[in-house]
Amino acid sequence: MTTYTPLLIYGATAAGIGLLMKHRCGALLVERTAQVGHEFVAAFHPGSCWQQNLQSEPARQLHAEMMRRNLLTAEGRVHLPPVAVLLMNLIKQEELNLHLMTRIVAVEPHASGHEVTVHSADGLQKIIAGRIVDTTSDCESCPAYPPLPIYRKLNAMLFCNQVDAEVPVLEEGAGEIVQGRFPGELIFKLDLEKDDDWVSARRKMHRFWQNRPASLVSWTLAAIADRFEVHVEKGPHCVAPAWRWLPSCAYENVVAAFDSGYGVEQGGEVLETVAAH
Amino acid sequence: MRCLKLWQRIEKRVENSEVGEVEFEDSYDVIVVGLGTAGAMAALAAARQGCSVLGIESLHCMGGMHTAGAIQNYYFGCKGGLFEQVDQQIREQERDGYPVWGGSSAELKKYHLEQLAREQGIELRYESSVIGVYRCGKQVKGVRWVSPEGVHTAASRVLIDATGNADICAMAGCVTRQGRAIDGKGQPYSNVMEIASANRVGKFYTDSGYLDPTDATAVTQAILDSSTVPPQLREYYDGHDRMLRLTPILGVREGRFIVGEENVTLEAFQNEQFTAQPLFYAYSNLDNHSKDVAFESTQFQDWIVAASLWGLNFSVPIPLGALIPQGFEGLLAAGRCLALDHDMAACVRMNRDMQKCGEAAGTAAALAVRYDTALTAVPYARLCAALGATGCLDAEGLRFVDTSLLGNGANGNAAYRTATWLEEIPAIREALAGDKPGIAIWSARRLGTAITPHLRDWAAQNNEPLLRKNSAIALGLQYDAAAMPILREMVRSRDAYVPRSSRKYNQSHGITAIYLLGKLGDREIVPDLLTILEDRAGFCDSPLDGEFIVDDEDFFAQYFTFSLMALVRITQAHPALSGAVRKQINRIVGSGDFALSVTLKGSRELRHPLRETILNVLQ
């Protein structure tokens, strides 16, 4: 049975969920993986600029919830992993229309917009979509489209069993250390080449770690991110008529991305009027 | 190749279409779909034998639940095989700079598997999925798959389905089965998170409920539901047991199974029907995470409920035929989807054994390619030699290990004591008179009618209460009516005695007696069972074990479900009773406010509602 949706959102990113929340029954979101908000949370990318004004009430509520649950400090230190839990809780409470573990296989022109073939545990399925907004970091719905990112990183959570261990200082060019919400919650960021795949990125991370500087000797590499931290130009970019790329990763942090997704169409059909990339 | 058809799963239905001649983009000796616990080893084993290999994986790494899923520790399973070499390399590296928890560093294992794959020339394609299978008759010829770069085709001599859920076999039109007979449910799944506490890194999970992993809507709901309960969702995060991440993969213990050229079932195992040509031995206990045991098969309950043998580990020889979908060529299944039944899957699913299963599949595929033979015709002697050389196939063979006793060191089980069935009548009597009667009860079952007179005699020994009751249980397993009076006493007194046959999850005599009287079709116990169904208030101050029975509702749920199933069996044996009994049951469970639940393992808060299954049973 072919289903119809006025708006098909690809990627359970923060922007994608924001956009879904705005459109609610008028939209369907599909996500290739089991994760939400992954461009920040699974990438171990806390982001920045937490002081900026949020435009939408749902984003302000999300921000307030993070503060209330002690996931975010006034200085912008974040305990990231539970943010995905909050987003999932929001999806459940708002009864948003979302399919995880579902990937777009192909997009073909259709009289009503696009005929989209998706693949999930159910097998293949056709969806007729009036419009598509792809919020993934690589514009996964159109492999031929995306320009190279501005930069990419592979991040890792560090762990030290000395609770009062000092935050290590790295030399210029040896990566970056970001402090999380709690003592001992450190994220190490390693710069990648734009074309590094998972195999080469992981190899770089482990080689760096096995030859790490003295300041990191007492730390262990606890978990490597499941997503790359990707930086691209903010969207929306025009992939084709009624098909936009709104990369969530382009925003400063997970709440800002949610806010932008929710508000991107305020004041008119913003997504429709952006010039072709 | 004009006979080709493309087989696909479309909206839960398997469909095929003529595709005429296909120009495959690439061609490989072996394609492995799913590079998880089994698939990673399948790819490495095939490449090690000289095959060209394409590995297609939906995640971004190798190892599946064993790495990305954070279950890197080993719960039993047999030692030996290619994975040991990988683990050894990891052990040497993880001393410096990696947190050691469980079996090995998951990050290092991802890395080492990947490096080995590169060294052996395996083409790894991550974040990719198979969407179609090309067949010529029953011969699988290749796949249609999608990656971040788009849609591709690739030809294979042998295709290995290591997706865990037999997704590829199902797509190809193979016959599969799934779940237990009564309601199709598999085992509960878990949602694992990695945590950091004051001085260690570790994982945390509870059982989260039941999931059909072949249903997309159910998968989404399961991810959302299991991620938004404590301790993932907390009112206030104070840094205690700080989350490192939610793993990107659900811990699904059971999905589809193929129907194989040979099938490994608990019933065959209990009847001691084993293959003479094993590729490897799986080894564990019947570690079914379900608490609603009354809804499991009689084979399972004979072992777990009547004999309380939850903690008896055993090895299971797995033949090549259990990896070959029945009637198909060029296709193998590796991992937990091999040709098992739901009962046996509780044992044959552990990390070590799934890695072995992958190695066995990859090796069999490579030998079929090398000798240009059908998979069913791969010479066992060559397979045996190749798998023996790595330790995948160990020489120890069949064994039983009592994990309630510290022991004498068997393969992988240095901590526990080897067990053997009892053959001598005095030894069985002695064990039945003690508080660890499980092995004796099963030994009596093995001896059959030869021991029946002795059991009847012992059941009459009023001065030895344990001997009397345990003998009645053994007689009950033999369908001997002489057991009934004693079993009825145990039901009426709600006998709370719990044997110590297993290290945990032993069943109380009251529950055991209800189960056996149901099997015996005892009409005399019907009023007592109906009383139990209505006596929720009578189950207060229950004997709790902190794990299986954690509150009064758990205890009542056990009595209720066992009584219900016993009544169903009794009315099947005595159809004349059916109308009146069903009327009473329907009065109890048919009311809108009827509810019953059990806690899920590892949690005191999460509960699994039983109403739906109960109503299904009655229908």
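B:Ala306 is in contact (C-beta atoms, placed from the backbone, within 7 Å) with B:Gln301, B:Ile441, B:Ile473, B:Gly476, B:Leu477, B:Thr512, B:Tyr515 and B:Leu516, leaving aside residues up to four places away in sequence. The structure is a predicted model, in which local features need pLDDT of at least 70 and side-chain atom pairs count only at pLDDT 80 or more, while totals for chains, interfaces and linings use all residues. Residues are numbered from 1 along each chain as its sequence is written, and chains are lettered from A and ligands numbered from 1 in the order in which they are written.

B:Ala306 belongs to helix H7 (residues 298-306) of chain B; helices (H or I, at least four residues) and strands (E, at least two) are DSSP runs, numbered from the N terminus. B:Ala306 is buried, because 24 other C-beta atoms lie within 10 Å; a residue counts as buried at 20 or more such atoms, as exposed at 12 or fewer, and as partly exposed in between. The C-alpha atom of B:Ala306 is 8.1 Å from that of B:Ala513, although 207 residues separate the two along the chain.

An open sheet of 4 strands in chain B runs in the order E16-E17-E19-E20 with antiparallel pairing, where two strands pair if DSSP finds at least two bridges between them. Strands E16 (278-284) and E20 (416-419) of chain B have a single partner strand each, so one side of each is left without a neighbour in the sheet. From one strand to the next, the twist averages 30 degrees. Strands E17 (residues 312-319) and E19 (residues 400-406) of chain B are joined by 3 bridges in the antiparallel sense, and B:Leu312 stands opposite B:Asp402 in E19(B). Helix H9(B) packs on this sheet, touching E16 and E17 of chain B, and its direction makes about 170 degrees with that of E16(B); axes are lines fitted to C-alpha atoms, for helices over the stretch in contact, and angles run from 0 to 180 degrees between N-to-C directions.

Of the 20 residues of H9(B), 19 are buried. Just after H9(B), B:Asp372 has a positive phi of about 50 degrees.

The contact between the chains takes 54 residues from chain A and 55 residues from chain B. On the side of chain A that touches chain B, H3(A) gives the most, with 8 residues.

Note on methods: Contact = placed C-beta atoms within 7 Å.
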